[in-house]
Amino acid sequence: MVSAAAVEAKNVTKIFGVGQDGVRALDRVSVTIRENEFFTLLGPSGCGKTTLLRLIAGFDFPTEGEILLYGQDIAPLPPYKRPVNTVFQNYSLFPHMTVGQNIGFGLEMLGKPKAEVDARVTEMLRLVRMEELRNRKTSQISGGQQQRVALARALAPQPKVLLLDEPLSALDYKLRKDMQIELKRLQNETGITFIFVTHDQEEALTMSDRIAVMSKGHILQVGSPREIYDHPAERFVANFIGETNFLKGDVAGIAGGKADVRLAGGTAVAATLPEGFAPNGGVTVVIRPEHAQVAPAGGRATLNGTVENVVYFGTDTHIHLRLDEGGEFIVRQQNSRDRPVTVVQGDKAGVLIGDNVAQVLRD
Amino acid sequence: MTAATKPFIVNRMPGFGTMAIAVFLMLYLPISLLIIFSFNERESLAVWGGFSWRWYEAAWQNRDIKDAAFRSLWLAGFAATIATAAATLAAIATTRGKPFLGMTTVYAVINMPLMVPEIVTAVALLIFFAWIKVATGYTGAAYLVAAHAAFCVPFAYLPIRARLESMDATLEVAAADLYASPWQAFRRITLPLLWPGIIAGFMLAFVISLDDVVITEHIKSAGMETLPTYMLGQLRRSMSPEVNAVSAIFFLLSVVLVTFFFFLNRKK
């Protein structure tokens, strides 16, 4: 099913400050966020993800470019005229109001009759499972509960898009895990488009329908968690999300979106190419540690080397190899009873790389 | 152990206790004596002659004192209201608006009356108002109200600004996000959270106005005595324990206001 575009950013540039001192927080960013999707802006601090969110919310205005909400340019509208609501990093609940008053605030400002506001508040409290706390002051509830009130408050006016600015970063690990599931549930139940900002790759991978990886004011890659993880197109993306092995090689031939890459050790692997990229000559290939296997040296092995280190992690074991042609390679192998890791430090070992696991970087 | 390794804790220094007691005595003994002698049966400020409410009654009967007291109260009320309104607007402009060129100058100008010697302000106002009097012929109480309101502004401004600065500005952003227009956000979010600061500012301004002698003395018209200027006038002629009684009531009023101010500020 092809959904309509909920939010479209077109060549958006945001410069803070003026002249020489101006900081280019976003540089000609274009992205389309579909209706009903859980879309994540992922990147390190200072990459521009929060700036993009604030431009969609209306807290800042783009220096150049357009922001469309269901086809309408909202860039010049103040925040209170945009059918978009935000869950703030520190929640920003109104301390002089009760939980119920906080949740009803948006509807009240929209001029809804009191009965409708009350009914909606009840419904939202049920949605976030906090019915009994309606008349509490926001200072009298826990951090996790405040988080849920912030969510309910932002969802109550039924915004077309919900913006979430690192809402889980203040919670402890266990609560964060629960809230990830809770958020996904809320998104499914309400059918509202969520735009979620985070620097936490795990959070992004578990919750998102699609992820945009950002760095230095640019969007580097947009795709499903699986696409981003298995087929990173840029070195930054491969590095930022998960662990990766980088191998140098030369393109020997291209056929059907795949390149035949001859690695430095002499063997060849079939590697997926980034869309619309047809290299020629030297390229970098990435292979996730869990997509490779340790095998006896020589024979069918794609790469050969010496085991430098074996690190046990409980669920899996990391085997660090020094390759014969130079460079390091890490294999992550799941610990199973029938296939234990047998290599030890100093062993000669090979690495098996299957088809469809190598990815060429666009660099 | 050498002196250098000893932690420096000021209230453990030798002589600290004695010093503290001396300071408290200096501050509060005179006031205590004043209050005690306001209950003196005899018309003496030095010799005790038994307990009596006599001077309070006398003060209550005294028309001049009552006039001066009410004049002081309404003057302080008007002046503090005007000063607080101006200070609230100034505080919002200087903490919520975009930083603008010359903002430091604006701070300095707002707080200037705290630094300018009061007698200078008094003389300046005297001359300025004389000039207006000549031009308009008006000689009423508005001069006093205007003068008091003016020098009370910085006193009202300080607690209001402190409150605004400690307030989370993203609350207003959150209100805007939830469809509140700037005016609605101000009325529903900023103002309710700012109230303690505004009341504190008002009370501080009120007490400052109530207490003022120097400026009032210079610009009041004939017969426009406030309580402090009336008392000063009385002291010049003869020392009556009546003044003690009025001072004691005055003291009590200030203590009540300042205590209220203290609790209000602590509660946030």
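These are my notebook entries on a predicted model, looked up one feature at a time.

**Entry 1: chain A as a whole**

I started with the overall count. Chain A holds 8 helices and 20 strands. I then looked up its extent. The C-alpha trace spans about 75 × 50 × 45 Å along its principal axes. Next I asked what share of chain A is buried. Of its 363 residues, 40% count as buried. I also checked how far apart in sequence the contacting residues sit. Among contacts in chain A with a separation of 6 or more, 65% join residues 24 or more positions apart.

**Entry 2: helix H2**

I turned to H2(A), which covers residues 99-109. Is this helix mostly covered or mostly open? I found it mostly covered, with 9 of its 11 residues buried. I noted the buried ones by name. They are Val99(A), Gly100(A), Asn102(A), Ile103(A), Gly104(A), Phe105(A), Gly106(A), Leu107(A) and Glu108(A). Then I looked for what covers them. The cover includes S6, H3 and helix H4 (143-155) of chain A. Just after H2(A), I came to Gly111(A), which takes a positive phi of about 80°.

**Entry 3: H2 against H3**

H3(A) runs over residues 114-127. I looked up how its axis lies against that of H2(A). The two axes come within 9 Å and cross at roughly 130°. The crossing of H2(A) past H3(A) is right-handed.

Which residues meet there? From H2(A) I listed Gly100(A), Ile103(A), Gly104(A), Leu107(A) and Glu108(A). From H3(A) I listed Val117(A), Arg120(A), Val121(A), Met124(A) and Leu125(A). By class, this contact has 6 nonpolar, 2 polar and 2 charged residues.

I wondered about the spacing of the numbers in each list. An α-helix has 3.6 residues a turn, so residues three or four places apart point the same way.

**Entry 4: where chain A touches chain B**

I moved on to the contact between the chains. How many residues does each chain give? Chain A gives 16 residues and chain B gives 15. On the side of chain A, the elements giving two or more residues are strand S6 (84-87) and H2. The largest share on that side, 3 residues, comes from H2(A).

**Entry 5: strand S9 and its partners**

S9(A) covers residues 210-215. Of its 6 residues, 5 are buried, so the strand is largely enclosed by the rest of the structure. I looked up its pairing next. Strand S3 (residues 38-42) of chain A pairs with S9(A) in the parallel sense, over 4 bridges. Leu42(A) stands opposite Val213(A) in S9(A).

Strand S10 (residues 218-223) of chain A runs antiparallel to S9(A), and 5 bridges join the two. One bridge pair I noted is Ser215(A) with His218(A) in S10(A). S9(A) and S10(A) form a hairpin with 2 residues between the strands. Lys216(A) in this hairpin takes a positive phi near 50°.

**Entry 6: Lys49**

I picked out Lys49(A), which lies in helix H1 (residues 49-57) of chain A. Is it buried or exposed? Lys49(A) is buried, because 29 other C-beta atoms lie within 10 Å and the cut-off is 20 or more. I then listed its contacts, leaving aside neighbours within four places in sequence. They are Leu41(A), Gly43(A), Val197(A) and Met214(A). I also checked Lys49(A) against Ala212(A). These two are 163 residues apart along the chain, yet their C-alpha atoms are separated by 9.3 Å.

**Entry 7: an open sheet**

Last, I traced a sheet of 5 strands in chain A. It is open, its order is S15-S19-S16-S17-S18, and its pairing is antiparallel. Which strands are at the edges? They are strand S15 (292-295) and strand S18 (328-334), each pairing on one side only. The twist averages 45° from one strand to the next. I looked at one pair in detail. Strand S17 (residues 316-323) and S18(A) pair over 7 bridges in the antiparallel sense. Here His318(A) has Arg332(A) in S18(A) as its bridge partner.

Conventions
Residues are numbered from 1 along each chain as its sequence is written. Chains are lettered from A and ligands numbered from 1 in the order in which they are written. This is a predicted model: local features need pLDDT of at least 70, side-chain atom pairs count only at pLDDT 80 or more; totals for chains, interfaces and linings use all residues. Axes are lines fitted to C-alpha atoms, for helices over the stretch in contact, and angles run from 0 to 180 degrees between N-to-C directions. A crossing is left-handed if the near helix is turned anticlockwise from the far one by less than a right angle, and right-handed if clockwise. Two residues are in contact if their C-beta atoms, placed from the backbone, lie within 7 Å. Ala, Val, Leu, Ile, Met, Phe, Trp, Tyr, Cys and Pro count as nonpolar, Asp, Glu, Lys and Arg as charged, and the others, Gly among them, as polar. Two strands pair if DSSP finds at least two bridges between them. A residue is buried if 20 or more other C-beta atoms lie within 10 Å of its own, exposed if 12 or fewer, and partly exposed in between; C-beta atoms are placed from the backbone.
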